[in-house]
Amino acid sequence: MLTANEKLRFSRQIMVKQIGEDGQLTLRNSTVLIVGMGGLGNPVAMYLAAAGIGKLIIADGDSVDITNLQRQILFNQHDLEQNKADTAADKLLLNNPDVDIEVVDEMLDAELAHYYVQQADLVIDCCDNIATRYLVNQACIECTVPFIVGAATGFDGQQMTIDPRKPNSACYQCVFPKTEDALVENCQTIGVIGPVLAVIGGTQAIEAIKLLTNVTMQQNRLALYDGLHQNWQYISVKQQQNCPICCRL
Ligand SMILES: [Zn+2]
C-alpha cells in the first residue's frame with residue numbers, strides 16, 4: 001500500500017492511466033543500477049529518484065571537474081574534486097529523502113559489475129566509454145537483467161533497450177561488435193552539447209519507468225537522435241547468431 005504522503009507526492013504520476021497506484025508500488029519495489037554519474041547519469045538519476053524508485057545504486061569512481069559543469073547539472077562550483085556518485089546521492093535525497101541510495105564510488109570491473117547487476121531489476125548505462133559499456137552489457141546478459149543504453153556526442157545521441165528476458169533480444173555487442181578500433185576511437189575526448197544529454201537521459205528514464213511498470217517497450221531497435229535537425233531515426237536491429245555474448249549461452 002502507498003502511504004498518504006506517497007499518494008500526494010506522486011499524484012501527477014499516479015494519475016497517468018498506465019501507471020496508477022499499482023505502477024507506483026512497482027516503482028517503489030524496484031532497484032535500478034545507474035552506471036556512470038556524468039552527463040547522462042545526472043538527469044536519469046534525478047528523474048528516477050523523483051519518480052519514486054525504491055532503491056538506486058549509483059556507480060562512478062570519478063570526481064567532479066570544472067569541465068563537467070557545462071552539462072552535469074547535479075553539480076556546482078562547490079562540488080569540485082568530490083566523488084560524483086557521493087555528491088549526486090546528497091542532491092538526490094534533497095528531492096526525495098525516501099529513496100534508498102547505495103553509492104559505489106569506484107569504477108566497475110567485471111566482478112563488481114556482476115555483483116551489482118544481479119541486485120538490480122534494471123540497469124541503465126550512462127557511462128562515457130565503450131569498454132565499460134561492453135562489460136556491463138555482458139554482466140546484464142549473464143545475469144538476465146534488462147539494460148538501457150544511452151550515449152551522446154556533439155548534437156547526436158543514441159538509445160537502445162536490451163531485455164535478455166525476452167527471446168531473440170539483440171545485445172549491445174550484436175549491434176556494435178567489439179573491435180580494437182571501436183575501443184580506440186572512443187578514447188578520444190569528444191565534445192557534446194549539454195541539452196543533448198537531457199534528451200537522451202530523459203529518454204532512458206522514460207524507458208526505465210515503462211519497463212519497470214510493464215508498459216509497452218520497443219525491443220531490437222536503436223533510436224538515433226539528431227539535435228542539429230531535431231530528428232529521430234529508428235533502426236531495427238537483430239540478434240547476431242555468432243555474438244560471443246548473447247548467443248553462446
Ligand atoms: Zn549479442
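1. Strand β2 (residues 55–59) is largely enclosed by the rest of the structure, because four of its five residues are buried. Buried means that 20 or more other C-beta atoms lie within 10 Å of the residue's own, exposed means 12 or fewer, and partly exposed lies in between, with C-beta atoms placed from the backbone. Helices (H or I, at least four residues) and strands (E, at least two) are DSSP runs, numbered from the N terminus.

2. The model is predicted: local features need pLDDT of at least 70, side-chain atom pairs count only at pLDDT 80 or more, and totals for chains, interfaces and linings use all residues. Residue numbers start from 1 along each chain as its sequence is written.

3. On one side, β2 is joined to strand β1 (residues 31–35) by five bridges, and the two run parallel. Strands count as paired if DSSP finds at least two bridges between them. T31 stands opposite K55 in β2, and V35 has A59 as its bridge partner. From β1 the chain crosses through α4 to β2 in a right-handed β-α-β crossover. Right-handed here means that, with the strands pointing away from the viewer, the path from the first strand over the helix to the second runs clockwise.

4. β2 also pairs with strand β3 (residues 100–104), again in the parallel sense and over five bridges. L56 stands opposite I101 in β3. The chain passes from β2 through α5 to β3, and this β-α-β crossover is right-handed.

5. These strands belong to an open sheet of eight strands with mixed pairing, in the order β3-β2-β1-β4-β5-β6-β7-β8. β3 and β8 (231–236) are the edge strands, each pairing on one side only. From one strand to the next the twist averages 15°.

6. The axes of α4 (residues 41–51) and helix α5 (residues 84–95) come within 9 Å and cross at roughly 35°. Axes are lines fitted to C-alpha atoms, for helices over the stretch in contact, and angles run from 0 to 180 degrees between N-to-C directions.

7. By class, the contact has six nonpolar, two polar and no charged residues. Ala, Val, Leu, Ile, Met, Phe, Trp, Tyr, Cys and Pro count as nonpolar, Asp, Glu, Lys and Arg as charged, and the others, Gly among them, as polar. Contact requires C-beta atoms, placed from the backbone, to lie within 7 Å.

8. V44 is in helix α4 and is buried, because 29 other C-beta atoms lie within 10 Å. Leaving aside residues up to four places away in sequence, V44 touches I34, I124, C126, G201, Q204 and A205. V44 and A205 are 161 residues apart along the chain, yet their C-alpha atoms are separated by 5.4 Å.

9. Helix α10 (residues 194–212) holds G202, which is partly exposed, with 18 other C-beta atoms within 10 Å. With residues up to four places away in sequence not counted, G202 touches P43 and Y47. α10 itself lies across β1, β4 (122–125), β5 (147–153), β6 (156–162) and β7 (221–226), running at about 170° to β5.

Notes. Contact = placed C-beta atoms within 7 Å.
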